[in-house]
Structure formats: C-alpha cells, structure tokens
Amino acid sequence: MMRTKVPPVACIGEPRLTAGFAEFGRLDLMAHEMEHGPIGPMEPANLLRLAEAIQLKGKGGAGFPFYRKFKAVLESCERQDLPAVVVVNATEGEPASWKDKVLLTRAPHLILDGAALAAYALDAEEIVLCVADDLIGRDSLTEALAERRMPVPTTIVTVPHRFISGEGGALVNGINGLPHIPPGTKKRSSDSGVRNLPTLLSNAETYAQVAIAARLGPYEYAALGTDDEPGTVLLTVTGQAKRAAVVECAAGTPLRDILDLCEVPEGPGILMGGYHGRWITWEAAQRAEITRKSLTSVGGTLGAGIIIPLGRDTCPLGEAAQVVRYLAGESAGQCGPCKRGLPDLARAVDLAVSGSAPVEVVRAAAGDVKGRGACSHPDGTSRFALSAMEVFADDLRQHTTGEGCGKRVKGVMGLPGAPDANPRKLTLDWSRCDGHGLCAHVVPDFIRLDGNGYPAFPSTPVPTWLKEGAMKAVKVCPELALRLVEAE
C-alpha cells in the first residue's frame with residue numbers, strides 16, 4: 001500500500017541532514033541557523049574543489065559526480081557566453097522513496113542553501129525548485145522562501161507525480177512548458193536545458209549535502225563515511241519493515257544495522273535502490289555495507305537509497321510482477337522499447353509467475369529492450385525483472401508446477417493504487433467438464449490440455465494481461481464448467 005504521510009525519521013550515529021529534527025521538528029530559518037550556523041557565498045573554483053574533495057555523487061539514483069556536472073555547466077556558460085539556471089529536483093517520482101520529502105517538510109533551508117551556493121558560484125539567472133503535484137513539502141518550501149532572500153529569482157514548479165517525470169530530460173521539458181516526458185533524443189542539460197540555457201540539475205538531497213559540506217569543509221565532512229564515499233546517506237526503509245522510516249547514517253554502516261533499527265523480519269529478499277534497483281538475498285544483506293561498492297558486490301545497488309524488504313509470508317514474485325506492470329504503465333510511450341517492449345516484458349513476467357511459461361521468456365523480453373530506449377526506463381525495468389527471477393529462483397520453480405509458492409501477494413511495494421485490487425482465478429467443475437478443449441484454444445497462454453484432453457491451469461490468480469481471455473473462455477465453455485472466482 002502506498003503511504004500518504006511522511007514516515008518517521010531515525011539516525012544511526014551523528015545526524016547532519018537530520019540535525020535538529022528531535023528538538024525542532026521542522027527547522028524554520030531561525031532554528032536552521034541555530035543548528036547549522038551561518039554560511040557565505042563561494043567562488044566557483046572553491047565550490048568545485050569542495051565537491052571534488054568530498055567525492056559528492058548525485059543522490060537521485062544515478063550517482064553521477066556533482067563536481068563534473070558543476071564543471072560542465074561552468075564551462076558551457078563560458079563557452080556560449082550564456083547565464084546558467086539551477087534546477088532542484090525534489091519531485092521524488094518513485095512511490096517508494098520519501099527521503100527528499102523529509103528534507104522538504106523538515107529541513108527546507110538546507111536545500112535552499114545548496115541551491116543558493118550553486119547559483120551564486122555560477123552567476124545563475126534563476127533557481128527552479130521542482131516538486132510533485134502531490135504537494136507534499138510545497139507549503140514548507142514556500143514558507144522557507146518567504147523567510148529569506150535568495151541570490152537570484154527563485155520559483156517553484158509543480159510536476160506530475162509520475163515515475164518518469166523526475167528524469168532529467170523530462171524535468172527540463174516540463175519546466176519549458178512541454179510534456180513531462182524524456183526527450184526522444186538524449187541531450188545534455190549542461191549545454192542546453194531550461195530555456196536552452198546551461199542548466200545545473202541535481203537532486204534535493206545533493207544540494208543539502210553541498211550546504212553541509214560548505215559549512216564543515218572537506219576534512220570534517222569526511223570524518224564520517226568511508227574513504228571512497230565520505231559523509232552520510234539518507235535511506236528510505238519501507239516494505240514489510242515493522243518500523244518504516246527515513247534513516248540517516250554514515251556511508252559504510254552495515255546494512256544489518258539499518259534492518260535491525262527498522263525491525264525488518266527475515267524474509268526471501270530485499271529490494272535495494274528502488275524500482276530500477278536490484279534484489280538481494282537476506283544472507284547477502286548481512287554482509288553488505290551502505291556504500292555503492294559494497295552493495296554492488298552482493299548484487300544490489302544504492303540507487304536513490306530505497307530499501308524494501310519482504311517478509312516470509314509474502315509472495316516475492318507476485319510483488320515483483322505488480323511493480324513490472326506499474327513500470328510498463330509509466331512508460332513515456334514514445335519509443336519502441338517503452339511502448340511495446342515493456343508491456344511485453346510485464347506479460348512475460350506474469351506468465352512466468354503464473355507457471356504458464358518458462359523463465360526464458362522473461363530473459364528474452366528483457367533482452368529486447370535493454371540498451372535500446374530513449375531514456376534509462378527500459379534498462380531499469382528489465383534489470384529489476386531479471387533480478388527478481390534470479391533471486392527468487394526457488395519460488396519460481398514452485399510456481400512452474402502450477403501450484404504457486406503458497407504465499408499471498410500483499411501489495412507491500414509502495415505502489416500507488418491497487419494494481420490487483422480484484423484478483424480472480426479460474427476453477428473447474430469436474431462433474432460438468434466433458435473435455436471439449438475450447439477454453440485452451442481461447443487462452444492457450446494460461447490453459448493447456450492434459451494428456452487426457454482436459455484443461456489444466458495454475459491455481460494462482462489469472463495474470464492481468466490474460467483476464468479478458470479468461471472471461472471469454474468462461475463464456476465459450478458449453479458445459480458451464482469453467483468459472484472465474486475471487487482469489488483468496
């Protein structure tokens with residue numbers, strides 16, 4: 001079930017981004033300055049050196065080095081003799097992520113500090129703050145802007161709360177008055193972004209980290225974290241954690257400490273990095289640390305700091321299939337891999353999970369979209385699907401028998417709405433069935449004929465893609481032996 005309220009905040013070790021939360025709740029300007037102290041403008045060379053020294057990487061998921069973005073914009077401004085625009089991406093389009101909303105609602109001045117530092121150093125023309133149309137954090141950001149003076153005109157832009165709306169190109173398109181979808185061709189916003197000006201576009205937490213580092217300096221900033229990844233990290237822990245929370249911790253903190261803090265029960269797997277991330281096993285989670293290098297070594301990814309654990313009583317493949325269907329629906333629909341490839345991938349996952357097709361159909365469908373999209377959405381979706389097939393291979397073998405794994409799909413992945421609000425399954429009245437075989441001809445992907453010519457099908461819910469066919473099979477059954485009933 002998708003949350004509608006910002007989750008609680010916790011911290012392991014010294015708080016930085018979340019400093020003052022316990023005392024003040026939300027930090028207004030006075031509380032913010034009391035907690036973090038004053039901050040002054042920085043020259044471009046100094047800000048560039050700082051970002052490089054602390055090895056700051058973007059916190060939106062891709063992990064691109066911030067100093068390289070900043071340098072590219074700076075050089076583009078000089079080369080084209082144009083002013084820059086600073087864009088703060090606080091849209092947090094992935095439903096499972098809440099870390100940026102925590103900053104918006106409780107520490108808005110940290111985000112504004114970072115954006116102001118970048119705008120001053122670039123001699124920018126404007127700052128644009130992008131928030132989702134769920135409006136979580138917009139009022140807090142508006143209040144914060146009213147309390148202070150920004151170095152350049154600063155506006156708030158509302159963006160549709162869709163998975164792809166926060167992608168860099170989609171965000172620039174939306175600000176420019178175009179549809180909020182990625183452009184058909186890849187463009188560098190550092191060369192031509194908002195109003196065709198060089199644009200520095202980064203995540204809200206990234207700007208907040210810049211504000212922290214500017215106050216502490218590179219050496220004190222690196223007192224927490226690891227040599228390769230200094231500083232702290234914000235994590236969103238949801239799923240079947242008993243104490244879902246946004247957690248701040250130093251990079252290098254053992255993942256098991258995060259799981260213990262949030263009272264995560266042992267289960268079949270944990271999704272790391274969000275819907276474009278990867279699944280890891282419980283055993284792998286016990287060895288991992290909160291760094292990109294460590295998580296990659298156990299098959300996971302840090303991504304946007306999203307951790308979604310599953311409990312033992314939940315069907316992991318059913319949960320994964322719901323996410324793939326959601327991601328297919330979030331496609332921009334402007335290139336073949338998204339428009340046709342992702343629905344095919346979702347259908348393949350449904351068939352594999354229902355036991356109606358081997359896992360090879362998923363691998364083939366994922367291979368058809370990998371590396372071919374206009375943006376990273378097809379790649380991320382295929383990565384997620386393949387990871388689920390690999391980590392939950394034992395469950396998949398149980399599903400191929402047609403009996404399923406015996407566990408329920410509970411909808412714990414944080415998806416909006418209820419993709420399977422009314423799951424149905426087929427039942428057969430054997431006293432009526434005469435083995436005509438018509439049903440298998442109508443929906444051969446789900447119903448097959450056994451050695452005696454009678455219909456055989458999984459006891460699991462009918463996949464979304466095949467519900468229409470299943471209803472038709474029920475209608476054509478001459479003996480009225482086939483029925484669709486609510487799945488338990």
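**Salt bridges in a predicted model**

Q: Hi! Is Asp-313 buried, exposed or partly exposed?
A: Asp-313 counts as partly exposed, because its relative accessibility is 41% (buried means under 20% relative accessible area, exposed over 50%, partly exposed in between, using a 1.4 Å probe and protein chains only). Note that this is a predicted model, where local features need pLDDT of at least 70, side-chain atom pairs count only at pLDDT 80 or more, and totals for chains, interfaces and linings use all residues. Residues are numbered from 1 along each chain as its sequence is written, and side-chain values use heavy atoms, leaving out hydrogens and water.

Q: Which residue forms a salt bridge with Asp-313?
A: That's Lys-410, with the closest N and O atoms 2.3 Å apart. The two are 97 residues apart and link distant parts of the chain: Asp-313 sits in the loop between strand 10 (306–309) and helix 13 (316–329), Lys-410 in the loop between helix 17 (393–400) and strand 11 (424–428). Helices (H or I, at least four residues) and strands (E, at least two) are DSSP runs, numbered from the N terminus.

Q: And how many salt bridges does the structure hold?
A: There are 19, each a side-chain nitrogen of Lys or Arg within 4 Å of a carboxyl oxygen of Asp or Glu.

Q: What does Arg-325 form a salt bridge with?
A: Asp-350, at 2.4 Å between the closest N and O atoms. This pair joins helix 13 to helix 14 (residues 336–353), 25 residues apart.

Q: Are Arg-325 and Asp-350 buried or exposed?
A: Both are buried.

Q: New topic: which residues are linked in a network of salt bridges?
A: Arg-79, Arg-188 and Asp-191 are.
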